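Here's a quick tour of one chain, from its overall build down to a single residue. Have a look at the picture before reading on.

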Amino acid sequence: MTSLAKRQGDLEEVVLEVMEHRETIQTRLAKLVAERDEAQAARDAAEIRRAAAETEIDDEVVAITKQRAVVAGTIPDDLMKLYEKVRDQSHGVAAAPLLQRRCEGCRLELGITDLAAIRAAAPDTIVRCENCRRILVRTAESGL
Ligand SMILES: [Zn+2]
């Protein structure tokens, strides 16, 4: 009888340990499920923001493409051809401002000879950077 009682006591102890372990695991599982749900909600919210941003960007591309077509229609054909050619060769940037004697396309300062030639050129003459070959846009801040 004593042995059976001891055996029963041992088994009850094992059952208690298993139940405690089960509770620990259930608590951890509930925490992980909550974290997963939170991460899923954050992902869903990010997806909604991404889709909205994509729509906004698409709308902007359409608007800018229309504006570009209007502006391109006012530019003489030969200049437009040169612009497209330079753009293809210059990573998408065909024209750059000349600011403080520096080409803003390649960021290099122009030499004295190049600056003199640009200074002497008529306002409607197309001038280009001798370094990167981009079309230079002269402004009041060109430093000429
Ligand atoms: Zn340049």
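What share of the contacts in the chain with a separation of 6 or more comes from residues 24 or more positions apart? The answer is 50%, with a contact meaning heavy atoms within 4.5 Å.

Keep in mind that this is a predicted model, where local features need pLDDT of at least 70, side-chain atom pairs count only at pLDDT 80 or more, and totals for chains, interfaces and linings use all residues. Residues are numbered from 1 along each chain as its sequence is written, and side-chain values use heavy atoms, leaving out hydrogens and water.

Going from the N terminus, the order is α-α-β-β-α-β-β, giving three helices and four strands (DSSP runs: H or I of at least four residues for helices, E of at least two for strands). The radius of gyration, taken over C-alpha atoms, is 36 Å, well over the 15 Å that the globule rule (2.2 Å times the number of residues to the power 0.38) gives for 144 residues, so the chain is more spread out than a compact globule.

Buried here means under 20% relative accessible area with a 1.4 Å probe, protein chains only.

Now zoom in on Ser142, in the segment after strand S4 (135-138). Ser142 counts as buried because its relative accessibility is 1%. Leaving aside residues up to four places away in sequence, Ser142 touches Leu98, Leu99, Gln100, Arg101 and Val137. A polar atom of the Ser142 side chain also lies 2.7 Å from the backbone oxygen of Leu98.

Conventions: Buried means under 20% relative accessible area, exposed over 50%, partly exposed in between (1.4 Å probe, protein chains only). A polar contact is a pair of N or O atoms within 3.5 Å; within protein, one must be able to donate a hydrogen and the other to accept it, and residues adjacent in sequence count only if both atoms are side-chain atoms.
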